[in-house]
Amino acid sequence: MIFQPDLLKGQVAFITGGGTGLGFAMATAMARCGADVAIASRKPKNLDPAAELLGRHGTRVLAVPANVREPDSVRAAVDRTVNELGRIDILVNNAAGNFYAPSGELSANGWRAVVETDLYGTFFCSQAVHPVMAKQGGGRIISISMTLHYQGWPQMAHATAAKAGVDALTKTLALEWSKDKITVNVIAPGPIPTEGASKAFAVGGVAIEEALSRHIPLGTLGTPEDIANMAVYLAGPGGSWITGAIFVVDGGSSLAKAF
Ligand code: NAP
């Protein structure tokens, strides 16, 4: 571990999509740094085994069902976290979903599902934790975006539009909530072979590693820990004077033409 084990001691992190992929890696890294962790998503099959593993780091863990598309569900999950863990210092907006679809054929429901999860979910969760953090005297909001909207990503109109919205929302919330000492930042990951990403990139029978690593200047795919390290940095003392910023963690891949 590259951080001190007590870096986040006494803090509570609320991580959407924290049972799988990058969310689980961020939850693990924060628990290893002493934070109590609430992981929130829709499916117990994603939450329960993850909570069991997270509990082994010795901090308190809460698996809380939530659908980030629904403000009432988000508020209930935030309330339960505050009731059971006492506070929320760190919000990680990580939940997302996507699928390839030619824009001319993308259904209204498909568009809504992705934009509501990635963009509306980020807003609803940020809005729900804002009064909690403001009352506590501050907090850290970290949203997970992407880099592929910088150049465009064919057949991903919904996801690219939503993540561009997340980037813009971040700057606005950073300005509005600076008075409450809440920092709001984005991490923009490059390609990381999580189960979710492997499904999204599984086109043309080409393995994700081969399809992606050839476009990465540093020559290898990233790992979930690469993203988790940036999240812990932003959540810890090093992040105290950083807000409204977008941190690209991608092995240089956004500098190269990927698609
Ligand atoms: P993942 O494992 O599929 O994670 C997605 C998570 O979101 C799941 O835990 C899922 O849990 C949760 N989720 C989906 N819809 C939800 C909803 N309506 N309400 C609550 N939770 C919901 O994928 P990942 O690769 O770790 O991606 C994590 C984040 O990184 C995403 O924001 C993604 O856009 C971003 N990202 C990933 C990559 C990459 O290469 N891996 C690159 C750039 C950006 P449930 O199904 O249980 O709800």
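**Packing in the predicted model**

Modeller: Ile142 counts as buried, because its relative accessibility is 1%; buried means under 20% relative accessible area, exposed over 50% and partly exposed in between, with a 1.4 Å probe and protein chains only.

Biologist: Before we go on, what are the ground rules?

Modeller: This is a predicted model, in which local features need pLDDT of at least 70 and side-chain atom pairs count only at pLDDT 80 or more, while totals for chains, interfaces and linings use all residues. Residues are numbered from 1 along each chain as its sequence is written, and side-chain values use heavy atoms, with hydrogens and water left out.

Biologist: Which element holds Ile142, and which residues is Ile142 in contact with, leaving aside neighbours within four places in sequence?

Modeller: Ile142 belongs to strand E5; helices (H or I, at least four residues) and strands (E, at least two) are DSSP runs numbered from the N terminus. Beyond four places in sequence, Ile142 contacts Ile90, Leu91, Val92, Asn93, Asn185, Ile187, Ala231, Leu234 and Ala235, where contact means heavy atoms within 4.5 Å. Leu234 is 92 residues away along the chain, yet the two C-alpha atoms are separated by 7.7 Å.

Biologist: How many residues does the largest nonpolar core have?

Modeller: That core has 36 residues, and those with the most contacts inside it are Leu8, Met26, Met30, Ile39, Ile90, Ile187 and Val232. A nonpolar core is a set of buried Ala, Val, Leu, Ile, Met, Phe, Trp, Tyr and Cys residues joined through side-chain atoms within 4.5 Å.

Biologist: Which elements supply at least two residues of this core?

Modeller: They are strands E1 (12–16), E2 (36–41), E4 (90–93) and E5 (139–144), together with helices H1 (21–32), H2 (44–54) and H8 (224–235). A second, separate core of 28 residues includes Phe14, Ala40, Val78 and Val184.

Biologist: Turning to helices, how do H1 and H2 cross?

Modeller: Their axes come within 10 Å and cross at roughly 25°; axes are lines fitted to C-alpha atoms, for helices over the stretch in contact, and angles run from 0 to 180 degrees between N-to-C directions. H1 and H2 are therefore roughly parallel, as angles under 35 degrees count as roughly parallel, over 145 as roughly antiparallel, 65 to 115 as roughly perpendicular and the rest as oblique. Phe24, Ala27 and Thr28 of H1 meet Ala50, Leu53 and Leu54 of H2. That contact divides into 5 nonpolar, 1 polar and no charged residues; Ala, Val, Leu, Ile, Met, Phe, Trp, Tyr, Cys and Pro count as nonpolar, Asp, Glu, Lys and Arg as charged, and the others, Gly among them, as polar.

Biologist: And H3 with H4: what is the angle?

Modeller: Helix H4 (residues 108–136) packs against H3 at about 35°, with the axes 9 Å apart. Pro71, Val74, Arg75, Val78 and Val82 in H3 meet Phe124, Cys125, Ala128, Val129 and Val132 in H4. By class, this contact has 9 nonpolar, no polar and 1 charged residues.

Biologist: Is Arg75 buried, exposed or partly exposed?

Modeller: Arg75, in helix H3 (residues 71–85), counts as partly exposed because its relative accessibility is 42%. Between Arg75 and Ala128 the C-alpha to C-alpha distance is 5.7 Å, although they are 53 residues apart in sequence.

Biologist: Finally, how far apart are the axes of H4 and H5?

Modeller: The axes of H4 and helix H5 (residues 157–177) are 8 Å apart, at an angle of about 15°. H4 and H5 are therefore roughly parallel to each other.
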